[in-house]
Amino acid sequence: MVRTTQKTSWPQRVNEYLRRPLVPPPGKLRRGPFREGAFTSSTRSQRLTSQLGIMLGAAFAVCFITGLLSHLIQHPPGWFWWPSRPVWLYRVTQGTHVATGIALIPLLAAKLWSVYPKLFTWPPARNLAHAIERASIAFLVASALFQVVTGVLNIARWYTPLPFFFTAAHYFTAWLAIGALLVHIGIQLPVVRASLSTNAHTPAISISRSDTPSAISRRGLLTTVSATAGLLTVATLGQTVPWLSGLSVLAPRRPTLGPQHLPVNKSALGARVTGAARDPAYRLRIIGPAGVVSLSLAELTAMPQHRSLLPIACVEGWSAEAHWSGVRLRDLVRMVGGDDGSQVLAESLEDHGRYRSSVVAPPHARDPLTLVALRLAGDTLTLDHGYPCRLIAPNRPGVMQTKWLAQLTVGRP
Amino acid sequence: MKTIQRALITLGVLASAYAVYLAVRSPDFRPSRQIPFLAVALIAHDGLLLPGAIVLAASLGRFIAPAYRGTVYLALFASLVVTLFALPFALGHGRRTDIPSALPLNYTRGLLICLGLVWAAAILAVTIRARGARRHRQTAAAPAHIAPAEDCPAGPENATNSDQAER
C-alpha cells in the first residue's frame with residue numbers, strides 16, 4: 001500500500017496556526033462580569049444587535065461619504081471636480097453629515113449596550129484568529145466613539161479636550177472607523193443573515209444567558225432609539241433648516257442670528273485684521289497674466305454691481321442664505337488677462353492661519369454668481385462679515401469663502 | 001457569501017491601512033495625544049459610563065413597580081443620551097465674547113425641555129398601558145349576559161345542546 005501525504009498550502013497552514021487553541025486563563029479569574037449569567041436582560045439578542053448594526057452601518061456610511069466629500073472639496077486632488085451648481089448642494093451634504101452624526105448617537109449607545117456582554121467573553125481569546133477579531137472590534141468601538149465625541153465637541157466649539165487638530169484627526173479616524181466596520185461586517189455577515197432571516201415565531205438567539213423575561217421589549221428599545229434620534233434631530237436641525245429653527249432648542253446656531261442677520265464663525269478681532277481692514281489706504285491687489293491691478297474700495301464700488309442669493313454653509317453643519325452684492329469675480333479675472341479656464345487664489349488680510357487663503361477653481365471662478373462682495377442684505381459688510389470685501393461663491397464650504405480679501409492671483413490650475 | 005466576506009474584510013483592512021498611511025504622513029498627526037484619546041474614549045465608555053448606567057438602572061429598578069420598569073429604563077436611556085449630547089453646549093466653554101452668534105441659545109433650558117419631552121412621553125406610555133390593562137381586567141371580570149325571563153322562558157324546549165350535554 002502506498003501512502004500519499006498531501007501538502008497543505010500556505011493559506012491552510014496560516015489558518016491552522018491562527019485557529020490553534022490558546023491556553024485559557026485559570027477558571028478562578030472568571031469573576032464579576034465574566035461569570036456565566038452575569039448579564040440578565042433577555043432583550044439582548046442577535047436579532048436586536050443585527051438590526052441596530054444595520055441602522056448604525058448605514059448612518060456611518062452616510063457620514064463617511066459626506067465627510068469625505070467635504071474633505072475633497074477643501075483639499076482637492078488633481079482628479080477631483082466639484083461643480084458650482086446647484087448652489088445649495090454642499091449645504092445639503094454637510095448638513096446631512098452633521099445631522100446624521102448626531103442622530104446616530106442613540107443608535108451607537110443602544111448597539112454598545114446590546115453587545116456589552118461580549119466584552120466579557122470567556123475565554124477572552126480562544127485562538128489567535130479570535131484575538132485578532134476582538135482587537136478589530138476594539139478599534140471599531142474606539143474609532144466610532146472618537147468620531148462622535150470629537151464631532152460633538154467641534155460643533156460645540158469646545159477644543160480644550162481635543163489636544164490635536166480636530167479636522168485632520170477626524171479625517172484619519174473616519175478611515176479607521178470605516179475600515180474596522182467593513183472588517184466587522186465581513187466577519188459577522190453569516191450571523192446577521194441568520195438572525196434576520198429567523199422566523200418571527202422562532203425565539204431569538206440570546207446573547208445574555210438568562211431565562212428571566214426582560215422589562216424592556218425589543219420593539220420598545222428600537223422605538224425609543226428611533227424617537228431619541230428624532231428628538232436630537234429636531235432639536236438641532238434648525239441650524240440649517242430655517243423653518244425648524246424655533247423648535248431647535250439645542251441648535252449651535254440660529255440661521256438669522258448674527259450681524260446683518262447672518263451668523264459668523266470668525267470675527268475680525270479674532271483674525272486680528274481690524275486695523276488693516278479699516279485702513280483708508282486699503283487696496284485689493286489683483287495679479288494676472290496681463291499684469292497687476294490695485295483697486296480701492298471706492299473703485300470696486302464704482303464697478304458694475306451684481307446681486308447673488310447664496311448660502312454660507314459651514315463645515316460645522318449650520319447654513320444660512322443671504323443676499324450679497326458686489327463685483328463679479330470673473331470681471332476681475334478678465335481685467336488682468338484671465339479667462340473662463342482660470343483659477344483664482346484668494347488671500348486674506350490675515351497674517352497667518354490655515355484658512356487665510358483658498359483656491360477658487362474654474363467652475364466657481366467663472367460662475368456669474370461668484371462675487372467679491374461689498375454688501376450684505378443691502379448694507380455695507382460689517383467687519384465680522386469680511387469688510388472691506390469678501391469672496392462669496394456658490395456650493396462651497398464656508399471656510400473657503402475668504403473674508404477680508406487682500407489679494408487675488410489669477411492663473412492656470 | 002465567502003467571496004463577499006473576503007472582499008469586505010480585504011477592503012476594511014486596506015481602508016484601515018490607508019488611515020495609518022494618512023496619519024503618519026500628516027504634519028498634524030499627534031500620536032502621543034490622539035492614540036491615548038482613542039483609548040480613553042473606549043475605556044471611559046466600556047469601563048465607566050456603560051457599567052455605571054447599568055448599575056444605576058438596576059438600583060432604581062428595585063423602587064419601580066414591574067409594570068412600569070421597562071418604560072422608566074427606556075426613558076432613562078433617552079435622558080442619558082440627550083444629556084451627554086447637550087452637556088458641552090450647556091457648559092458653554094465654546095462661547096466667545098467676540099462671536100455672540102456662535103452658541104447663542106440657553107442650552108440648559110433646551111436640555112430641560114428635551115428631558116421634559118422624554119418623561120412626558122414616558123408618562124403617556126405608562127398611562128395608556130395602565131388604561132389598557134384596566135379595561136382588560138374589567139372585560140375579564142364582567143359576568144356573562146343573562147337574558148330577561150320573558151325573552152327566554154326556562155323549559156326543556158329552550159334547553160341548549162350544551163345544557164343537555166351537562167345533564
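**Salt bridges and aromatic contacts in the predicted model**

Ten salt bridges are counted over all chains, a salt bridge being a side-chain nitrogen of Lys or Arg within 4 Å of a carboxyl oxygen of Asp or Glu. The model is predicted, so that local features need pLDDT of at least 70 and side-chain atom pairs count only at pLDDT 80 or more, whereas totals for chains, interfaces and linings use all residues. Residues are numbered from 1 along each chain as its sequence is written, chains are lettered from A and ligands numbered from 1 in the order in which they are written, and side-chain values use heavy atoms, with hydrogens and water left out.

One of the salt bridges joins Lys266(A) to Glu350(A), with 2.7 Å between the closest N and O atoms. This pair links distant parts of the chain, 84 residues apart: Lys266(A) is in the loop between helix H6 (218-237) and helix H7 (268-271) of chain A, and Glu350(A) is in the loop between strand E5 (343-348) and strand E6 (357-360) of chain A. Helices (H or I, at least four residues) and strands (E, at least two) are DSSP runs, numbered from the N terminus. Lys266(A) is partly exposed at 36% relative accessible area, while Glu350(A) is buried at 7%. Here buried means under 20% relative accessible area, exposed over 50%, and partly exposed in between (1.4 Å probe, protein chains only).

A salt bridge is also formed by the side chains of Arg334(A) and Asp340(A), at 2.8 Å from N to O. Arg334(A) is partly exposed, with a relative accessibility of 43%, and Asp340(A) is partly exposed at 36%. For Arg412(A) and Asp339(A), the N to O distance in the salt bridge is 2.8 Å. Arg412(A) lies in the segment after strand E10 (405-411) of chain A and Asp339(A) in the loop between helix H10 (329-335) and E5 of chain A, so this contact ties together parts that are 73 residues apart in sequence. Arg412(A) is exposed, with 53% relative accessibility, and Asp339(A) is partly exposed, with 36%.

Rings of Phe, Tyr and Trp (its six-membered ring) pair if their centres lie within 6.5 Å; planes under 30 degrees apart count as stacked, over 60 as edge-to-face and the rest as tilted. Phe34(A) and Trp122(A) form an edge-to-face pair, at 5.7 Å centre to centre and 75 degrees between the planes. Phe34(A) lies in the loop between helix H1 (10-18) and helix H2 (46-74) of chain A and Trp122(A) in the loop between helix H3 (89-114) and helix H4 (128-155) of chain A, so the pair ties together parts 88 residues apart in sequence. Phe34(A) is partly exposed at 26% relative accessibility, as is Trp122(A) at 22%.

The pair of Phe39(A) and Tyr116(A) is edge-to-face because the ring centres are 5.8 Å apart and the planes are at 85 degrees. Phe39(A), in the loop between H1 and H2 of chain A, and Tyr116(A), in the loop between H3 and H4 of chain A, are 77 residues apart. Both Phe39(A) and Tyr116(A) are buried. One aromatic cluster is formed by Phe34(A), Phe39(A), Tyr116(A), Phe120(A) and Trp122(A).

Charges also sit over rings, as defined by NZ of Lys or CZ of Arg within 6 Å of the ring centre and within 35 degrees of the ring normal. The charged end of Arg44(A) is placed over the ring of Trp113(A), 4.2 Å from its centre. Arg354(A) lies over the face of Phe165(A), 3.5 Å from the ring centre.
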